[in-house]
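This briefing is meant for someone meeting the structure for the first time. Please look over the sequence and the model below before reading on.

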Amino acid sequence: MKQISTRLLTALGLCMFLFSACNNSSEFTVKGVVTGADGQLMYLENVGISNVVTLDSIKLAPGGKFKFTEKRPEYPDFYRLRLNNQLINFAVDSTETISFVADAGTFATSYSVEGSENSKAIKTITLAQLDANQAISRLRKEYEDKMISDTTYRTKVLAAADAYKEVARKYIYSAPMSTAAYFALFQQIDGLLFFDLYDRNDVKAYGAVATSYDHTYPESPRSKHLYNLTLQSMKVLRAQRPVDYSNVETKEISFLDIELPDVRGEVVKLSTVAPGKAVLINFTAYQTEWSPALNMALGELYTKYHDQGLEIYQVSLDSDFHFWRNGASHLPWITVRDPQSVYSQVAGLYNVKQLPAIFILDRKGNLVKRVEDVKKLESDVKKVL
């Protein structure tokens, strides 16, 4: 990746600060040319915090010209062009017109963009993310084929992820108020964030962007979402040290809510279970060889401490619905399943990197522990009871 110039980074930040001042139009325009895509449909989509909405589409003529005009967002937001499952991500902040030139064969990687410095930066970030994904995919295949050892695999995977984060940090720390910085923070590999919300170094990046967004756009839904994520992760990290909760005032819940169907198909929200109870959140998969032993251990805890206020909220990432339902129907605690399986957005937000993953909420709704050692689970539970 090329060196990022000071001039570019200054422009990224300046555009964000001048969003309201530069906002001379109530609309923005996305236009350009896509060669080699005659007769194909291209879509314009808005990428929200938790969903993607199709705004418009166009059937590309032989010349490949296109133009979309949409209402300008109240706050900086993210969009993408989609052609045959290839994506071009971009941001709309103070910009009124963004122009793209692309080819259908290399739509997502070799396009050019004009009119938005943030969108140029997003292309650089996207390419770094793709490089990391490809490197990790190659390493996974080599590992599965027993061509490399466990240690080599882990070391090289971390190196590939760090290569992406090195590029991302340049935008995050040089222009934390920019859409490029926000975009860099939330890139993923296999549904997991590159920047770990529960890593003491990575949380600094979240804090930098969250602080800038909260200061610049305090009413933006993205600002509030990022601020809450960062606050939650900081609470968890602080809670790794011994804490006396006896004098802690009751506050509103600080965890990320989960809303998934149980074995009867009824949606159960974590936030309806948590008040007044100590809750053990367990991400699991029943089809694994270790699942029976884990459920036995959880059963012992549940039997011993349920009357004292312990609840278990177990999230299955099993791909086989019937296998999960058969196993979950006999368990006494709350069991839900995410049909997205390994692509679970909920697991991604909790930054679950491997299963099983266990988190503990105290009676006040604070996420106080990410369990690292299952052997110490009972002592961890006793502390919050």
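**Aromatic rings and charges**

- Across the whole structure, a search finds 20 aromatic pairs, and one of them is that of Phe28 and Tyr79, whose ring centres are 5.0 Å apart and whose planes stand at 55 degrees, so the pair is tilted.
- Tyr79 is buried as well, with a relative accessible area of 5%.
- The rings of Tyr164 and Phe194 also form a tilted pair, because their planes are at 35 degrees, and their centres lie 4.4 Å apart.
- This pair links distant parts of the chain, since Tyr164 belongs to helix α4 (residues 150-174) while Phe194 sits in the loop between β10 (192-193) and α6 (202-216), 30 residues apart; both Tyr164 and Phe194 are buried.
- Ring pairs also join a cluster made up of Tyr75, Phe78, Tyr182, Phe183, Phe186, Tyr206, Tyr213 and Tyr217.
- Two side chains lie over ring faces: Arg82 is over Tyr43, at 4.3 Å from the ring centre, and Lys165 is over Phe195, at 5.6 Å from the ring centre.

**Strands around β1**

- Strands of a sheet pair through backbone hydrogen bonds, in either a parallel or an antiparallel sense.
- Strand β1 (residues 27-35) is joined by seven bridges to strand β4 (residues 65-71), and these two run antiparallel; within this pairing, Val30 stands opposite Phe68 in β4.
- Strand β1 is likewise joined by seven bridges to strand β7 (residues 97-103), but here the strands run parallel, with Lys31 standing opposite Ser99 in β7.

- Five strands form an open sheet with mixed pairing, in the order β15-β14-β13-β16-β17.
- The edges are taken by β15 (334-337) and β17 (367-371), each of which has a single partner strand, so one side of each is left without a neighbour in the sheet.
- From one strand to the next, the twist averages 20 degrees.
- Four bridges pair strand β14 (residues 310-316) with β15 in the parallel sense, and in β15 the bridge partner of Val315 is Val336.
- Helix α10 (residues 321-328) packs on the sheet, where this helix touches β14 and β15, and its direction makes about 180 degrees with that of β15.
- Helix α9 (residues 291-305) lies across β13 (278-284), β14 and β16 (357-361), and runs at about 160 degrees to β14.

**Confidence of the prediction**

- The chain averages a pLDDT of 85, and 87% of the residues score at least 70.
- Over residues 1-23 the pLDDT stays under 50, and for this stretch the model has 51 contacts beyond four places in sequence.
- Residues 241-253 also have a pLDDT below 50, and that stretch has twelve contacts in the model beyond near neighbours in sequence.

Terms used
Residues numbered from 1 in each chain as written. Predicted model: local features only at pLDDT ≥ 70, side-chain atom pairs only at ≥ 80, totals over all residues. Heavy atoms only, no water. Pairing = 2+ DSSP bridges. Axes fitted to C-alpha atoms, helices over the stretch in contact; angles between N-to-C directions. Contact = heavy atoms within 4.5 Å. pLDDT = per-residue confidence, 0-100. Phe/Tyr/Trp six-rings, centres within 6.5 Å; stacked < 30°, edge-to-face > 60°. Buried < 20%, exposed > 50% of the residue type's maximum accessible area, 1.4 Å probe, protein only. Lys NZ or Arg CZ within 6 Å of the ring centre and 35° of its normal.
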